[in-house]
Amino acid sequence: MVINRCINPSSKLGVIRWLEGTCYKEMDSYSDLNLDVNYFYRSMDHLIKLKDEIECVLFDKLKTLFSVNVRLTFYDITSTYVYGQQCPIAEYGYSRDHRSDCKQIIIGIVTSYEGYPIKHYIFEGNVVDSTTVQEVIKDLKSQFNIEETIFVGDRGMITKLNLESIEDEGFSYIMGVKAHQDQICQMLFDKEPINWKTAQNYDENLKICEKKATVKEFLIWKTKKILEENHINISDRRLKELSEKINSLNNEYEAYYRDFKKILESLSDKIEVKICKKIFSTIKNYKKRYEEKLRFVFCLNPEIKELSKNRRTMQIKDISAELNKLLNKTKDANKSVSKIFTGYKSRYRKFFNLNLNENSHQLISYSMNQELIEYQKRFDGVFVLRSNKSDKQLSTKKVVESYKNLKEVEMLNDDLKNFVDVRPVRHWLEERIKAHVFICVLALLLKRTLEINYLKSKEVTKPLHEISKVKLIKYKVKFSNREERYQEIPQITSVNKYQKSIFHKIGIKNPMNLEKFMRGV
């Protein structure tokens, strides 16, 4: 079933038909088996019971044979839809396959630095990306005895709880951060805008710049922001007592609302209880992390920056043209406006200030929020990485390089859907679905082994197709008309130069040697 996934992905019934054109039925240990569909189902049931044990044994083999690098461990998830309504782990959720009409399962894959899949997980289809991380990092330590690694995850994985869990296990991390959503990134942008002209070049397409911040520094900045949002402007001199209070915090300190409320109320009569509670809630949120120093690497792709700018300009222009058609023409413009900002256009709603008549809901006028547009421009083409490794332990360039290698697991997820064809999933028993995915992941491991260690290339489709053309033919020769004397003479079809080179790469000098695996030889 694993080999079939690499060569001609089929259903379990399809594997039976596929076997007729292979040498399996002639091989020792296979020839006497009754290879019906129930045989494969029973094999799947047995396989999934041994999943954890098999993954550990394979990991040990990878370390022995190929010296896999586990100093960097990559993790990413994908989803695949499931036909039928019976499976208990299949749920409706965010579909990466754009099949919101089908229930799905979530598949998380852990890979080594080189891209070998070393462990995978199956989650219910409605599970949030970030909630899958804790189980993964515990298994890396308990099952695989990985004592030190840098856990690399995408932007959907980063949460306070996840980072604490990673650090509690003694691991380091490199995580993507959504720059326009992360408030500490916003603080760093506000305090000192990045001069990209003088920034370090990672390569010809990417500029990088490192910035650092402390949690205490952020809390002081955020307090000022909350006060400004409520139109309360207080000088730094008057905020001195509050700043000193925040700077005195340590990881063992238990913050009390009454202490901060007293200081805040002494600053201004305009500071209401709800403002005090909001500020204290922000401070309390960083409990046991007050002394933490944060390291960020900002990366700019000038080409993506230009594309983002042009896309936004074009969309704003198109939306403006649609809004112009509604001006003073429709009594109730609410439905028409909502229709304009549906789908992907909803992200541009924040750039428009609409003026609707209170009674008729007629669109009287609209204006652009230029301040917000200019603010958004700062994030065009920018992605941000966060790590708890110091620059002495891991250089800025190495942080970026490590994160960019996350594409290996993303490519693996792509192969899961397009090379070994994990879809369609037509099983409805939970264990069968898990076994089906396990077979697909084992096929990916075989593919990566072939790519890395033999072909030295990511292109395996053509070599596999070429090898499949080579056939073993057995001639039955009759020696005498009087006596029933026959002899079988094996012969392979002609092998061209390219096919020979592939056989040589995988250690087969003469394809005829494969005949020794056949029954009776």
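Two residues are in contact when they have heavy atoms within 4.5 Å of each other. The model described here is predicted. Leaving aside neighbours within four places in sequence, F296 is in contact with V177, D182, I184, C185, L188, C209, E210, K211, V384, L385 and R386.

**Packing of α9 and α10**

- Helix α9 covers residues 240–247 and helix α10 covers residues 257–267; their axes are 9 Å apart and they pack at an angle of about 160 degrees.
- Because angles over 145 degrees count as roughly antiparallel, α9 is roughly antiparallel to α10.
- The crossing in which α9 passes α10 is left-handed.
- On the α9 side, E241, L242, K245 and I246 take part, and they meet D259, F260, I263 and L264 of α10.
- Sorted by class, this contact of α9 with α10 has five nonpolar residues, three charged ones and no polar ones.

**Backbone features in loops**

- A cis peptide bond runs from R423 to P424, with omega near -5 degrees.
- P424 is found in the loop that lies between α16 (407–418) and α17 (430–455).
- H98 is not a glycine, yet it has a positive phi of about 60 degrees.
- The loop between β1 (72–82) and β2 (103–111) is the place of H98.
- H98 counts as exposed because its relative accessibility is 71%, and the cut-off for exposed is over 50%.
- K288, also a residue other than glycine, has a positive phi, near 70 degrees.
- The loop that holds K288 is between α11 and β8.
- With a relative accessibility of 58%, K288 therefore counts as exposed.

How values were computed: Residues are numbered from 1 along each chain as its sequence is written. This is a predicted model: local features need pLDDT of at least 70, side-chain atom pairs count only at pLDDT 80 or more; totals for chains, interfaces and linings use all residues. Side-chain values use heavy atoms; hydrogens and water are left out. Axes are lines fitted to C-alpha atoms, for helices over the stretch in contact, and angles run from 0 to 180 degrees between N-to-C directions. Helices (H or I, at least four residues) and strands (E, at least two) are DSSP runs, numbered from the N terminus. Angles under 35 degrees count as roughly parallel, over 145 as roughly antiparallel, 65 to 115 as roughly perpendicular and the rest as oblique. A crossing is left-handed if the near helix is turned anticlockwise from the far one by less than a right angle, and right-handed if clockwise. Ala, Val, Leu, Ile, Met, Phe, Trp, Tyr, Cys and Pro count as nonpolar, Asp, Glu, Lys and Arg as charged, and the others, Gly among them, as polar. Buried means under 20% relative accessible area, exposed over 50%, partly exposed in between (1.4 Å probe, protein chains only).
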